[in-house]
Amino acid sequence: MQVKLPPRLKKITELIKKNSRVADIGTDHGYIPIYLIENRITPHVIASDVNRGPLDTAKSNIKSHGYNQQVELRLGSGLEVLVPGEVDTVIMAGMGGMLIKELLEAAPAITHSIDTLILQPMQAQQELRRYLVSNGYEIVQDLLVREDFRIYEIIIAKKGKQVVEDEIYYEIGFHIKLNPKELALAFIIAKIKNQQEIISSVEGETSVGAKKKLRECRETLEKLEEVLRWLKK
């Protein structure tokens, strides 16, 4: 029986070039490696997890599909399970943006040997983009995927120089207009609502930190509203 992926994971598999050497870091149930082998996208995948429990679950799933030889399981933290040059594409999906950043920082020799990073942070997307740009990466795609009631962000980065025309792009992604218009609008509207809620929560507070936060949120809100008008054209 073929594995059925949720939309965000399915989108990730669509970004993998055929016959790439892939590592799925934090593989959890092992669904992405199974799908990649099943659909002949790549002949071999390294799948890792820092915890024994998820790795055992992945092992069971991989075995039930008959892919023990094609999927190599490794127990360990982040990119430290790899050696430089072993893979050209790394997937990190379903983690926090700050954790992804820490894992990339923890193994610089391996990180620098990777051609393509496919990252799906659950939060702290802005901080992750800022880290990537500051460390010699170009964000070549920013994809939005709707799954259930949430819009997920997928960041694809390669070594290169990123042009940053405005700080707001760290928040919304550098390629938002390449996403379906309805999805991009919903994404920005949700961000506007979030900023409005933060502003409401700190208005009236008199501490220096609160005043700084209020000023920053108002500036971000103004830029988001400008982006919304731009997307509607």
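Q: How do the residues of the lining of the second largest pocket divide into nonpolar, polar and charged?
A: A quick heads-up: this is a predicted model, where local features need pLDDT of at least 70 and side-chain atom pairs count only at pLDDT 80 or more, while totals for chains, interfaces and linings use all residues. Residues are numbered from 1 along each chain as its sequence is written, and side-chain values use heavy atoms, leaving out hydrogens and water. Ala, Val, Leu, Ile, Met, Phe, Trp, Tyr, Cys and Pro count as nonpolar, Asp, Glu, Lys and Arg as charged, and the others, Gly among them, as polar. On that basis, this lining splits into 9 nonpolar, 9 polar and 4 charged.

Q: Which residues are closest to the centre of the second largest pocket?
A: A pocket is an open set of points on a 1 Å grid over the protein atoms alone, where a 1.4 Å probe fits and protein lies on both sides within 12 Å along at least five of seven lines; lining residues have an atom within 4 Å of a point. This one has a volume of about 380 Å³, meaning the space filled by probe spheres set on points joined across faces, edges and corners. Of its 22 lining residues, the closest to the centre are Gly26, Thr27, Asp28, Asp49 and Ala93.

Q: Which element gives the most to the lining of the largest pocket?
A: The largest pocket holds about 670 Å³ of space. Lining it are 28 residues, with Gln126, Glu171, Lys191, Asn194 and Gln195 closest to its centre. Helices (H or I, at least four residues) and strands (E, at least two) are DSSP runs numbered from the N terminus. With 7 residues, the top contributor is H8.

Q: How do H8 and H9 lie relative to each other?
A: Their axes (lines fitted to C-alpha atoms over the stretch in contact) come within 9 Å and cross at roughly 160°, on a scale from 0 to 180 degrees between N-to-C directions. Under 35 degrees counts as roughly parallel, over 145 as roughly antiparallel, 65 to 115 as roughly perpendicular and the rest as oblique. The residues of the H8 contact with H9 divide into 16 nonpolar, 3 polar and 6 charged. Given that angle, H8 and H9 are therefore roughly antiparallel.

Q: How are H1 and H2 set to each other?
A: The axes of H1 and H2 sit 10 Å apart, and the two pack at an angle of about 45°. H1 and H2 are therefore oblique.
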